[in-house]
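Biologist: I'd like to learn how to read a structure like this one. Could you walk me through it, feature by feature?

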Amino acid sequence: MGAHWLIALLALPGACQEPPSYQQKLERARHRIAQLERVVGQLRSELDGLRPPFAALWHARGVAARQATTCGTPAMRAVLDDLRGRRPGTHGEVWFPFEGGGFGNELNKYLAGCALAIALNRTARIVVGGAKTIGLFEPRLGDWRSDSAPSGENATTLDYRAAVACAPQACGARYVPLVLTNTKPQPPAENSDLARKVYAHIKARIASPPAWSDLLGCLTAEALRPSAPLADELRAYLDAARGRPLVGVHVRTTDRDMAIHMGNTGFLGRGQRLLGLDYTGSFRRQSGCVTDAAAYGQCVAGLAAKAGDATYFVAGDAPSAVDAVANAIARAAPNTTVVATPGHPIHTGRVDHLQHANRTHHSGHAEGTLKALVDFMMLVASDVFLSNCPDGGSTFAWNVRTLRLGERAFYGRDARVCEGRLALGA
């Protein structure tokens, strides 16, 4: 009887099969992961379909209304319409480079070039070059971009400072394109020689010219209308703040983390200043920035603990800095929504020397650029903008503030923020 049971047991399917090997388990796990990824992708697609379109979300944040209020005044419309209406055959052209430095520096070059075009009474033309950022925006000044500038006998090449000095003269034959070199990566200050010449041109046509800060903000708005890929990326983050106040938090500490991530490590030693980068944070501390992200996070947490329901969008130059601020907010107000874009921050104007797609924290240059621009536009869209750096410490923050056209902004460890004395308001 016992022998028959033994034979029956041996005949059971799989009774003597070897257990799955490591490779088989790995393949099964990969197959299961692929199945789950397809399900997640389908659910994300369904969720995306439920979100309002970008235009509705953007309108709800009031960005378009702010721009229409400031940029739609008769005086501002006159300045912008004059710039839009210029034609190369009658006004001539001034070509200026956009590429060079991070996104903040690129915008500063653009503002300097546009201001000079106004003073010279020429058509403004952007030389895109290798810039990866401007292509994610749709221009509103007409056909004003080109990959490269005219050269040789077909152009007059002039240093930016020399062009400022000769304005309002045409700086050469008006029918010959004027190509600028060495454009400053700083915006023209209100008390600068160029600003005085811009106002002289405007006052000859308009009795009451717009404020300088508004002019720079509206020129920036002309350049930064999100294209479809950027608008699609922004939808999820705008939707996360729908119906609640949005607080944009910007954290700028050093250039070190981005440099290491992108493989720009040859300058971390004795020659680190050759690229003009701030690897230790000393420049930003001298400019008034709170480079201790944990300390700045405690300040923002003071607002979160008292300000009530809101969405906090946090952007910075290093994942550790973003995490320090986001975690401080979450601890102080557990029911508050804290949002940040995934991936690793990059310097959009620097070469990525590490091309391998599987490197640690790799986000890729294209993905990193898209992340930076989502961060920028979400900070612009916020009801209240907080930055650990004053204007002089971060060109990125300066340009956010400029495009916000006077909306509330607070810098460093402002007591009104740290003590929670701000009314957020939707």
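This is a predicted model: local features need pLDDT of at least 70, side-chain atom pairs count only at pLDDT 80 or more; totals for chains, interfaces and linings use all residues.

Biologist: Is Glu190 buried or exposed?

Modeller: Glu190 is exposed, because its relative accessible area is 54% and the cut-off for that word is over 50%.

Biologist: Let me zoom out. How many helices and strands are there in the protein chain?

Modeller: The protein chain has 18 helices and 12 strands. Of its 426 residues, 48% are buried. Now look at contacts with a separation of 6 or more: residues 24 or more positions apart account for 75% of them.

Biologist: How do I read a sheet?

Modeller: Strands of a sheet pair through backbone hydrogen bonds, either parallel or antiparallel. Here, follow an open sheet of five strands in the order β4-β2-β1-β6-β5, with parallel pairing. β4 (145–146) and β5 (156–159) stand at the edges with a single partner strand each, so one side of each has no neighbour in the sheet.

Biologist: How many bridges join β5 to β6?

Modeller: Four bridges join them, and the two strands run parallel. Thr156 stands opposite Leu178 in β6. Trace the chain there as well: β5, helix α8 (residues 160–166) and β6 make a right-handed β-α-β unit.

Biologist: Which strands does helix α7 lie across?

Modeller: Helix α7 (residues 103–120) lies across β1 (93–97), β2 and β6 (178–181), and it runs at about 165° to β1.

Biologist: Now the rings. How do I describe two of them side by side?

Modeller: A pair of aromatic rings is described by the distance of the centres and the angle of the planes. This structure holds seven aromatic pairs. Take Phe103 and Phe376: the ring centres are 5.1 Å apart and the planes are at 85°, so this pair is edge-to-face. Phe103 lies in helix α7 and Phe376 in helix α16 (residues 365–381), so the pair ties together parts 273 residues apart in sequence.

Biologist: Can you show me another pair?

Modeller: Tyr199 and Trp212 form a tilted aromatic pair, 5.6 Å centre to centre with 55° between the planes. Tyr199 sits in helix α9 (residues 193–203) and Trp212 in helix α10 (residues 212–223), 13 residues apart. Both Tyr199 and Trp212 are buried.

Biologist: Which charged end sits over the ring of Tyr199?

Modeller: That's Lys203, with its charged end 5.8 Å from the centre of the Tyr199 ring.

How values were computed:
Residues are numbered from 1 along each chain as its sequence is written. Side-chain values use heavy atoms; hydrogens and water are left out. Two strands pair if DSSP finds at least two bridges between them. Contact means heavy atoms within 4.5 Å. Axes are lines fitted to C-alpha atoms, for helices over the stretch in contact, and angles run from 0 to 180 degrees between N-to-C directions. A crossover is right-handed if, with the strands pointing away from the viewer, the path from the first strand over the helix to the second runs clockwise. Rings of Phe, Tyr and Trp (its six-membered ring) pair if their centres lie within 6.5 Å; planes under 30 degrees apart count as stacked, over 60 as edge-to-face and the rest as tilted. Buried means under 20% relative accessible area, exposed over 50%, partly exposed in between (1.4 Å probe, protein chains only). A charge sits over a ring if NZ of Lys or CZ of Arg is within 6 Å of the ring centre and within 35 degrees of the ring normal.
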